[in-house]
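Hi everyone, thanks for having me. I'd like to walk you through one structure today, so please have a look at it while I talk.

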Amino acid sequence: QVQLVESGGRLVQAGASLRLSCAASGRSFTGYPMAWFRRNPGKEREFVAGMQYLGDYKEYADSVKGRFTISRDNAESRLYLQMNSLKPEDTAVYYCAAARVTELPINISSTYAYWGQGTQVTVFS
């Protein structure tokens, strides 16, 4: 299986940039989709960004398009989320996720079999 550990969450001012990192260990990291989700108290875990292993296909939530960039380094077994122009509404616990299959949509949480414990991002005005 795959173990995921997120890092990089901070308390930052609105407009700042932040880079989240997800370190993966175990099997099947390079061959399957990976994604970032986030959750605020009282809300469902929502999709933020995801990408497939093959090609360069990426998806983003409408709320983060143009501001966030997802990337992965398969050789280093890491997934990244570059977040720019952060807004207070971006405040959430951010989770890294890895899939076990390739057939399911990458923007749905049920696609993913492996999850990290999350890293807190807080954006203040």
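Let's start with Lys58, which sits in strand 6, residues 58–60. Strands here are DSSP runs of E with at least two residues, helices are runs of H or I with at least four residues, and both are numbered from the N terminus. Before going on, a word on the source: this is a predicted model, where local features need pLDDT of at least 70, side-chain atom pairs count only at pLDDT 80 or more, and totals for chains, interfaces and linings use all residues. Residues are numbered from 1 along each chain as its sequence is written, and side-chain values use heavy atoms, with hydrogens and water left out.

With a 1.4 Å probe and protein chains only, buried means under 20% relative accessible area, exposed means over 50%, and partly exposed is in between.

What does Lys58 touch, leaving aside neighbours within four places in sequence? The contacts are Gly50, Met51 and Ile70, where contact means heavy atoms within 4.5 Å.

Now compare Asp90, in the loop between strand 8 (78–83) and strand 9. Asp90 counts as buried because its relative accessibility is 1%. Beyond four places in sequence, Asp90 is in contact with Arg38, Arg67, Phe68, Ser85, Val121 and Val123.

Next, the core. The largest nonpolar core has 34 residues, and Leu4, Trp36, Leu81, Met83 and Tyr94 touch the most other members. Strand 9, residues 92–99, gives the largest share of this core, six residues. Such a core is a set of buried Ala, Val, Leu, Ile, Met, Phe, Trp, Tyr and Cys residues joined through side-chain atoms within 4.5 Å. Take Leu81: not counting residues up to four places away, its contacts include Leu18, Trp36, Phe68 and Tyr94.

Finally, let's zoom out. The protein chain has zero helices and eleven strands. Of its 125 residues, 42% count as buried. Along its principal axes, the C-alpha trace spans about 40 × 30 × 25 Å. Among contacts between residues at least 6 apart in sequence, 59% join residues at least 24 apart.

That's my tour, and I'm happy to take questions!
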